[in-house]
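Subject: Structure handover, salt bridges

Hi,

Here is the structure for your next look. My notes on its charged pairs follow below.

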Amino acid sequence: MEPDGELNPDTDDLPLRANTNHILVRHYVLDLIVCFDKKIISGSIVLFLEPCSAEMAKAKADIGPETGVGARQEPHEEGTKFGSDTQGSDLFQSSNVEDFTLVLDCCDLEVSKVEEVDTDSVSAALGFPLTAASEDISVDSQAGFIQHLFSMPSSRWKEKHRLFSLCSRSPGVQKGNSLHFHTDHWSLQVKKMGVTTSQGFPRIIRIYYMTRTLGGSVRWTKDQDNRECVYTAGSPINNRALFPCQEPPVAMSTWQARVRAPSDCVVLMSGEEEAVPAEDGDTHFLTWNYYVTMPMPASTFTLAVGHWCLVPTEAPSALENEVEGGVGCSCLKAEFVSELAKSPGEVARGAPRQIGSRDQATSSDSAFCHSSLGHKELSLTDYSGMEDDGISCSHGDYPCRFTERSAWSQRVVPHRVFSPACLLQKAQMGILKLLPRCLAAAHAVLGVHPFPRLDVLIVPAGFSSLGMASPHIIFLSQSVLCKECPGSGLNRLTLSGSRICHEIAHSWFGLVIGARDWTEEWISEGFATFLEDIIWAQAQQLSSRQTAEQFDLKALLRWRRLSDELQNSNEELQILRPNMERTGQVSDTGSSTIKHALNPDKTFMQVHYLKGYFLLRFLASEVGDQHLIDFFRLFVKKYHGQLVLSQDFLQMFLITFPHMERKGLTLSAIYADWLDRPGIPEWLHERSAVWSQARLVEEVKAESLPLSASERSAARAHTALCICCVLYCAAYQISHNASMLFLIALPIFSHPRIHLPFKKDQMCSLSLKRQNGFSDFI
């Protein structure tokens, strides 16, 4: 096994230590308990492992120079911990250097024990021979049984998950060599003495551990009702401080989780069914069970536990008419007494719908679908020719919704919204009523919803962005909730609507199709930013002219934001493909590093969102908006369930539109102009001049009046106050996102002593334009 390269503790790169070219985790089973008193999550995780043969490893990755972090680490770092399930800490150090080492990404976890799992009782029930007392359980018999589990067809996924669950509850091995482990700052390493290859390593191991209170993967805080909660907050270190895992995106796996939490809490998680909590014996805890059948990177696992309420579906008729018909604006006066009287656990247990089968999962008549709000005018997508276009699933075998004909016409998947009690009204008005419209619009644009259901959670104040999408669940900041102001129809819901559309778009770009190299964030964020405009315009049912004008206005605002950002940031952080020709390459073990992932300046930057968005705008200008959307759908059909690089998308684009190369648009030209170079491409400079003369911009300029001297003085004073607020929030890490800082500064445009220079009948619409960044232009 090759030694590590030098690991600089001061670097801003994030190491991915897992040796995924040697062995892969195919399935996780988590059994966790949430303790708010101690602010820890403790329990165990069972890993089902499959070794990679030399041929598989060679085919799986492009082997680059040994610049990433390898599989072994000298065990003398600060924080290093050694252990064994039976013996002292020096056993790991004294083991043979030729012994195979399983390396997992791990940080801020207290690992107490690692053991091999004995599955004899489960395998024997299926007719597999028992392991003889003198045999090594990690070879032959157990390997054959586990391989049988992995090879079970997707049509038997329920049986497969049942067997995974039974195996995870099996006892630890009592015979043979024990497992030894040690932890350092970034990894957990496990050995079995005398085992020198991944093929001889145990196929099932169990790890007992607990999180640390200040671990970076989860955030312990209080919600807007001042009640305790914990959730995965989208940390740069992903989930390695929540459970030991293989973090490289190529290590796609399925998982099951059983989470025990106080009975007055709700547990929300990535999972294909709505969990129904069960009593946990005589304790004051409830048990929640979730699972996924689509293999995904461990970084997409999401957990939230808190005292949240299910946003009720009932609404005053005036509001329903407003959202459906787009006229009027009335304040909500609905009483939520009956809902607030219930505990969160009771609300979830009282949910009227449970997905009993995959056929039922496609029903759009669920109580949580609100299909009555999905306008009949929204076009249904026709997939009748889907099987004849020469494109079929290219991913591994799992229950794929793209192959289910019943899913093709399901415009709105079952969905729920959760929030603190104090925000129920706003969440109902600004989120719940928009969801069906946005989901139907996304279906009209991109086709089959990749996931069978969706939960939305309004997370506590201080969340580091406006939203975060994960499989089956979206986190939204309270900042996107609409304010009570006079307006008409959907106009006042623009901020929440566009953000919902952005996060929904991630279901296709970011989740069901992910980046193989995490430095290529634009594959996720650039696409979602581009698609949010298209989906939101579809949801609003805008005319072609209105759509074009809205697109140009948003493009101008984003251009201003990107231009300012690039003038005030380090050039090396402006590159969308920082590894350039080495993108996607890893060490011979499968380990690598994510460039600049821990750089605090990068947290504030939106270059991957905005520059990626403009690259797609450029491609649309070359082939036409509708042709590009049609191409997106072809790309999704071909690559869903897989990881991609920029070159996969761009090469398929150039093959689909061969006349582009005749116009001089080549892969190398796109790399040079957009992905491998800092700064702003020439096309964007030229196009921004056109956007600056758009009709809506000229209209606002004509309606504006100059400020008086006293008004300018008041504006400067209030600006200084807002800047102080921004600096305070940045210093105390209240917000880590540039867009959040922008929202904090919004009061400057509503100061009581400053008269906005616009006509009175334009006040509400300008308020909405400010919320969406129009103040950047003003």
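Buried here means under 20% relative accessible area, exposed means over 50%, and partly exposed lies in between. Keep in mind that this is a predicted model.

I searched the whole structure for salt bridges, and the search finds 27. Some of them are set out here.

R206 and E115
Are these two residues buried or exposed? Both R206 and E115 are buried. They form a salt bridge, with 2.3 Å between the closest N and O atoms. This pair joins distant parts of the chain: R206 sits in strand β9, E115 in strand β6, and 91 residues separate them.

E110 and R212
Another salt bridge pairs E110 with R212, and here the closest N and O atoms are 3.0 Å apart. It also links distant parts of the chain, 102 residues apart. E110 lies in strand β6 (residues 109-116). R212 lies in the loop between β9 (204-211) and β10 (218-222). E110 has a relative accessible area of 33%, so it counts as partly exposed. R212 is partly exposed too, at 35%.

D455 and R453
D455 bridges to R453, with the closest N and O atoms 2.8 Å apart. Why does D455 count as buried? Its relative accessibility is 0%, and the cut-off for buried is under 20%. R453 is at 2%, so it counts as buried as well.

A network
Which residues are linked in a network of salt bridges? They are E532, D533, K554 and R558.

Best wishes

Terms used. Residues numbered from 1 in each chain as written. Predicted model: local features only at pLDDT ≥ 70, side-chain atom pairs only at ≥ 80, totals over all residues. Heavy atoms only, no water. Salt bridge = Lys/Arg side-chain N within 4 Å of Asp/Glu carboxyl O. Helix = DSSP H or I, 4+ residues; strand = E, 2+ residues; numbered from the N terminus. Buried < 20%, exposed > 50% of the residue type's maximum accessible area, 1.4 Å probe, protein only.
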